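My notes follow in the order in which I looked things up.

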Amino acid sequence: MSTRYTVRYCCDDRPTPALIVEDERGTAYLFSGGTLQSKVCGAGASARLADLLGRTATWTPLPTPPSYSLDDLRRLDRACP
């Protein structure tokens with residue numbers, strides 16, 4: 001079974017769009033430039049990561065969409081709204 005991810009936040013005010021995504025266990029990942037940049041674990045990981053990065057960028061919370069595969073995230077990363 002492959003891991004599925006949910007996009008929680010999007011940042012489009014950076015030179016390269018970025019996403020904060022969450023896996024099925026609640027681990028948050030910073031995904032930008034087509035690659036994984038960072039990982040945060042624990043309760044509220046997505047919100048904590050957005051707060052940490054909010055000092056240098058504006059992160060927009062997204063409604064819970066369907067989950068995505070890693071390949072889907074690579075495509076979304078390039079077209080972040």
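I began with contacts along the chain. Among contacts with a separation of 6 or more, 51% join residues 24 or more positions apart. I noted that this is a predicted model.

Next I looked up the secondary structure. I found five strands and two helices. In sequence order they run β-β-β-β-α-β-α.

Then I checked burial and surface. The chain has 81 residues, and 41% of them count as buried. I read an accessible surface of about 4,800 Å² for the chain, with 53% of this surface belonging to carbon and sulfur atoms.

I turned to the nonpolar cores. The largest has 13 residues. Which residues have the most contacts inside this core? I listed Ile20, Leu30, Leu49, Leu53 and Trp59. The elements that give two or more residues to this core are strand S1 (5–11), strand S2 (18–23), strand S3 (28–32) and H1. H1 supplies the largest share, four residues. I also recorded a second, separate core of seven residues, with Val7, Leu19, Tyr29 and Tyr68 among them.

I listed the buried residues of H1 as Ala45, Ser46, Leu49, Ala50 and Leu53. Why do they line one face of the helix? Seen down the axis of H1, the buried residues fall within an arc of 135 degrees, so they line one face.

I then asked what covers the buried residues of H1. The cover includes S1, S2, S3 and strand S4 (35–40).

My last entry is on one residue, Ala45, which is found in helix H1 (residues 45–53). Is Ala45 buried or exposed? Its relative accessible area is 2%, and the cut-off for buried is under 20%, so Ala45 is buried. I looked up the contacts of Ala45, leaving aside its neighbours within four places in sequence, and found Gly26, Ala28 and Val40. I also checked Ala45 against Val21, which is 24 residues apart from Ala45 along the chain. The C-alpha atoms of these two residues are separated by 9.8 Å.

Key. Residues are numbered from 1 along each chain as its sequence is written. This is a predicted model: local features need pLDDT of at least 70, side-chain atom pairs count only at pLDDT 80 or more; totals for chains, interfaces and linings use all residues. Side-chain values use heavy atoms; hydrogens and water are left out. Buried means under 20% relative accessible area, exposed over 50%, partly exposed in between (1.4 Å probe, protein chains only). Contact means heavy atoms within 4.5 Å. Accessible areas come from the Shrake-Rupley method with a 1.4 Å probe; for residues, only the protein chains shown count as cover. A nonpolar core is a set of buried Ala, Val, Leu, Ile, Met, Phe, Trp, Tyr and Cys residues joined through side-chain atoms within 4.5 Å. The arc is that of the directions from the helix axis to the C-beta atoms.
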